[in-house]
Amino acid sequence: MSYVCLDCGHAFNVPREYREKHGLEGPPYEWIQCCPLCGGSFEPSVECDLCGRDVAESEVKELLGAYLCEECFKNEGGDTDVD
Ligand SMILES: [Zn+2]
Ligand SMILES: [Zn+2]
């Protein structure tokens, strides 16, 4: 499983993990995972079937059973007006 950062676009396999104490003195702590580069939120990524770029799951476009990044989707003539 790999991930892609929604803030900086960085693709990575192992998210950074930190303990969120919520201002409490002791446990339970919450383990928060974030982008190792910028600390932003991330999503599981899907590899674009055409260019191999990592695309966030929510941003991937499906065209004829292939998973494409937005750029390839447009290049393949996909309809982006649905948004
Ligand atoms: Zn990031
Ligand atoms: Zn692509």
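I will start with the ground rules, then go through the sheet and finish with the loop residue.

This is a predicted model, in which local features need pLDDT of at least 70 and side-chain atom pairs count only at pLDDT 80 or more, while totals for chains, interfaces and linings use all residues. Residues are numbered from 1 along each chain as its sequence is written, with chains lettered from A and ligands numbered from 1 in the order in which they are written.

Now the sheet. It is open, with four strands in the order β2-β1-β5-β6 and antiparallel pairing. At the edges are β2 (11-12) and β6 (54-56), each pairing on one side only. Strands here are DSSP runs of E, at least two residues, numbered from the N terminus, and two strands pair if DSSP finds at least two bridges between them.

β1, residues 3-5, pairs with β5 over three antiparallel bridges; there, Y3 has P44 as its bridge partner. β5, residues 42-47, also pairs with β6 over three antiparallel bridges. S45 is partnered with A56, and E47 with D54. Six residues separate β5 and β6 in their hairpin, and G52 in the turn has a positive phi of about 80°.

What does E57 touch, leaving out residues up to four places away in sequence? E57 sits in the loop between β6 and β7 (61-63), and touches E43, P44, S45 and V46; contact means C-beta atoms, placed from the backbone, within 7 Å. E57 counts as exposed because it has 12 C-beta neighbours inside 10 Å, the cut-off for exposed being 12 or fewer within 10 Å.

Technical notes. A residue is buried if 20 or more other C-beta atoms lie within 10 Å of its own, exposed if 12 or fewer, and partly exposed in between; C-beta atoms are placed from the backbone. Two residues are in contact if their C-beta atoms, placed from the backbone, lie within 7 Å.
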